[in-house]
Amino acid sequence: MAEDGVYHERQRLQLCAVHAVNNLLQAADACRKQDLDELCAAYAPDAWVNPHRSCLGLGNYDVNVLIGHLHNRACDAQWWDKRRCVDTLPVDAAGFIGVILNRRERGWTFGLLASNHWVAARAVGGVYFDFDSKLSAPRRIGDKADFRIYLATQLAV
């Protein structure tokens, strides 16, 4: 927990989905690798290579696992297609916590392979933050108007 009361979990292995959930819910124990691995096994019980995570078992979970875990925690997770207008995102709705974005990034293989990276963004104490687990600390976004600009920028990529 940071001095200002903002929890930020840093990147480890390919566990950005774990970090994104923990950062979104502001709790170190909201999601564990074991939780997501169990969902992967339940979604593809007979698969030799599970299609919902990295074939090496290091993480890199897909959206089905992420949404399944949030539902198991009694959180309503809704798929948001980037072609939709950000202004219609219900940030004022009761119970709205934040968003988890899936960014396409160049991998660690000399930039040759692209990979996906889960990132959480939400408000804490009325201030919105980018909780990218690859950052050394959460990045301050600002108020609700700044948050919508941030989302529009992220979704335009």
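Trainee: Where is Leu-13 found?
Mentor: The model is predicted, with local features needing pLDDT of at least 70 and side-chain atom pairs counting only at pLDDT 80 or more, while totals for chains, interfaces and linings use all residues. Residues are numbered from 1 along each chain as its sequence is written, and side-chain values use heavy atoms, leaving out hydrogens and water. Helices (H or I, at least four residues) and strands (E, at least two) are DSSP runs, numbered from the N terminus. Leu-13 is found in the segment before helix H1 (16-25).

Trainee: Is Leu-13 buried or exposed?
Mentor: Buried means under 20% relative accessible area, exposed over 50%, partly exposed in between (1.4 Å probe, protein chains only). Leu-13 has 52% relative accessibility, so it counts as exposed.

Trainee: Which residues make the nonpolar surface patch of about 300 Å²?
Mentor: Patch residues have over 30% relative accessible area and no salt bridge; like charges are joined within 9 Å, nonpolar side chains (Val, Leu, Ile, Met, Phe, Trp, Tyr) within 5 Å. Areas come from the Shrake-Rupley method with a 1.4 Å probe, and for residues only the protein chains shown count as cover. The patch is made by Leu-13, Leu-56 and Leu-58.

Trainee: How many residues of H1 are buried?
Mentor: The buried residues of H1 include His-19, Asn-22 and Asn-23 as well as Val-21 and Leu-25. H1 is largely enclosed by the rest of the structure, because its buried residues number 10 of the 10.

Trainee: What is the phi of Gln-26?
Mentor: Gln-26 follows H1. Its phi is positive, near 55°.

Trainee: How far is the C-alpha atom of Val-65 from that of Cys-40?
Mentor: Val-65 has its place in helix H3. With a relative accessible area of 0%, Val-65 is buried. Val-65 and Cys-40 are 25 residues apart along the chain, and their C-alpha atoms are separated by 6.5 Å.

Trainee: What is the N to O distance between Arg-32 and Asp-35?
Mentor: A salt bridge is a side-chain nitrogen of Lys or Arg within 4 Å of a carboxyl oxygen of Asp or Glu. Arg-32 counts as partly exposed at 40% relative accessibility, whereas Asp-35 counts as buried at 16%. Their side chains meet in a salt bridge, N to O, at 2.7 Å.

Trainee: Which residue forms a salt bridge with Asp-37, the closest N and O atoms being 2.6 Å apart?
Mentor: Asp-37 counts as buried at 17% relative accessibility. The partner is Lys-33.

Trainee: Where does Arg-53 lie?
Mentor: Arg-53 forms a salt bridge with Asp-37, with the closest N and O atoms 3.1 Å apart. Asp-37 is in helix H2, 16 residues from Arg-53, which lies in the loop between H2 and H3.

Trainee: What is the angle between the planes of Tyr-128 and Phe-147?
Mentor: Rings of Phe, Tyr and Trp (its six-membered ring) pair if their centres lie within 6.5 Å; planes under 30 degrees apart count as stacked, over 60 as edge-to-face and the rest as tilted. The structure holds 3 aromatic pairs. Tyr-128 and Phe-147 form a stacked pair, 4.2 Å centre to centre, with an angle between the planes of 15°.

Trainee: How many residues apart in sequence are the parts that this pair ties together?
Mentor: Both Tyr-128 and Phe-147 are buried. Tyr-128 lies in strand S3 (residues 127-130) and Phe-147 in helix H4 (residues 144-155), so the parts tied together are apart in sequence by 19 residues.

Trainee: What is the centre to centre distance of Phe-129 and Phe-131?
Mentor: Phe-129 is buried, with a relative accessible area of 10%. Phe-131 counts as buried at 1%. Their pair is tilted, with 50° between the planes and a centre to centre distance of 5.8 Å.
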